[in-house]
Amino acid sequence: VTSLLLMWIPIWHAWPWSFSPGARLLSFFPLVLCIAIVYRATRVRHVEELPKGVVITFLNMVLFMGGITVGLYLLYGFLLRTN
Amino acid sequence: VASAEPAWVSALSKAEDSMAKASVSADKLIQTAVAGWLVPGGGHFVAGQRRLGWVFFIAISFLFFGGLVLGGMKNLVNPTTNRWLFMAEMGIGGYTIPLYILNHMGGEIRPEDLARLDYLQNVDPQLYLKYVSPYPAADVAYIYLVVAGLLNVLAILDALTRMQTGGLPTYYREIVRANEAKASSQAGGQSS
C-alpha cells in the first residue's frame, strides 16, 4: 500500500485500488447529495433555507431511485420466471 | 376603513423592488457567465451571492475532482476517447482546459493513443491500468464528471438570473405563490 501511495499521483493516475460493487453502490450517495445541494441552491434566496430543502430532495431522490431499482428487479425476476 | 393589503401584493412589490435595484449591464452579465464558467460558483461571487457561491463551488468541485481521482485524467479529459464526456466537462472550462493542456504535456501514455485500437492491443496492461481505471470505477468517474459539468451550466444560469433579478432565484416560490394569489384574486373580481 505504501509503495502504491508513493507511486500514485491523484488525478494524473487512475485509482490504483480495487473498486468493489459495494463501493460503486455507496458512490451513489455523494452524487445524489451534490445534485440535491446544487438543485436546491438554485431554488433558495438565502443559504439558511438550504439544509432542510437539501435533506428533503436527497431523501426523495434516494427513495424514488431505490423504488425504481426494486421495481425493475422484481420485474426482471418475474420475466425470468415466465420465460 | 381601508381593507388590509393582500399578502401577494407585498410579495410582488418586494420582488419588483429587488429587480429594479438589479444592475443588468451586458458587461456585468458576461463577467458573471465567464466567472461561473471558469470556477463553479464564480458567477455567484460576481453577483454578490458569496455564500451561495461557496455552496456551488464545493458541491460541483467535489464531483469533478472525485471523478478524476477515480478515473485519471488521461482517459477522462480526452476528446479523442469520448467527445460527449469532454463536452459535458467543458461546462467547467476553468478546470477542463488546463487539465486538457496538462494531459498533453507528459506521462507515459499519450491521450490520442488511447483511441487507437492497434495501440490498445499492444500496450502493457500494467501501464494502461496505471492511467486508465477499469469498470466499475470508470463508470462512476464518468457519471461524476458529466454531472459536475452539467450542474455547473445550471449554476451559471442561476447566477445570471440572480444578477438580473437582484438576487432572486429562477423559481422563487414566494413569487409563484403571489402570482397565483393575484390570478385567483383577479378571477374572483371578474366573476363577481
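D158(B) and R162(B) are both buried, where buried means under 20% relative accessible area, exposed over 50%, and partly exposed in between (1.4 Å probe, protein chains only). The two residues form a salt bridge, with the closest N and O atoms 2.7 Å apart. A salt bridge here is a side-chain nitrogen of Lys or Arg within 4 Å of a carboxyl oxygen of Asp or Glu. Both residues lie in helix α10 of chain B, four residues apart, about one turn of the helix. An α-helix has 3.6 residues a turn, so residues three or four places apart point the same way.

The model is predicted: local features need pLDDT of at least 70, side-chain atom pairs count only at pLDDT 80 or more, and totals for chains, interfaces and linings use all residues. Residues are numbered from 1 along each chain as its sequence is written, chains are lettered from A and ligands numbered from 1 in the order in which they are written, and side-chain values use heavy atoms, with hydrogens and water left out.

Helix α10 of chain B spans residues 137-165. Helices (H or I, at least four residues) and strands (E, at least two) are DSSP runs, numbered from the N terminus. The 29 residues of α10(B) reach 42 Å from the first C-alpha to the last, close to the 42 Å expected at 1.5 Å a residue. The expected span is 1.5 Å times one less than the number of residues. Just after α10(B), G166(B) takes a positive phi of about 70°. P136(B) lies in the loop between α9 (125-131) and α10 of chain B. A cis peptide bond joins Y135(B) to P136(B), with omega about 0°. Most residues other than glycine have a negative phi, and most peptide bonds are trans.

Helix α11 of chain B (residues 173-191) holds A181(B). A181(B) counts as partly exposed because its relative accessibility is 27%. A181(B) and P134(B) are 47 residues apart in sequence and 55 Å apart in space, C-alpha to C-alpha.

The contact between the chains came next. It takes 25 residues from chain A and 48 residues from chain B, contact meaning heavy atoms within 4.5 Å. The two chains bury about 3,100 Å² between them, 71% of it on carbon and sulfur atoms. Buried area is the accessible area (1.4 Å probe) that two parts lose on being put together, summed over both. I11(A), W12(A) and R45(A) supply 26% of the area that chain A buries against chain B, more than any other three residues. I11(A) is found in the loop between α1 (2-7) and α2 (21-26) of chain A. Its relative accessibility is 17%, so I11(A) counts as buried. Phi of I11(A) is near 80°, a positive value in a residue other than glycine.

Nine residue pairs are in polar contact across the interface of chain A and chain B (both at pLDDT 80 or more). A polar contact is a pair of N or O atoms within 3.5 Å; within protein, one must be able to donate a hydrogen and the other to accept it, and residues adjacent in sequence count only if both atoms are side-chain atoms. Helix α3 (residues 28-41) of chain A gives the most to the side of chain A that touches chain B, with eight residues. By class, that side has 17 nonpolar, three polar and five charged residues. Ala, Val, Leu, Ile, Met, Phe, Trp, Tyr, Cys and Pro count as nonpolar, Asp, Glu, Lys and Arg as charged, and the others, Gly among them, as polar.

Two salt bridges cross the interface of chain A and chain B. In one, R51(B) pairs with E48(A), the closest N and O atoms being 2.7 Å apart. Both R51(B) and E48(A) are exposed. Over all chains, the whole structure holds eight salt bridges. R51(B) lies in helix α4 (residues 50-71) of chain B and E48(A) in the loop between α3 and α4 (50-82) of chain A, so the pair joins two chains.

Within chain B, R110(B), E112(B), D113(B), R116(B) and D118(B) are linked in a network of salt bridges. R110(B) and E112(B) form a salt bridge with closest N and O atoms 3.4 Å apart. E112(B) counts as partly exposed because its relative accessibility is 27%.

N78(B) sits in the loop between α5 (73-76) and α6 (83-89) of chain B. N78(B) counts as buried because its relative accessibility is 2%. Leaving aside neighbours within four places in sequence, N78(B) is in contact with F86(B), P111(B) and L114(B).
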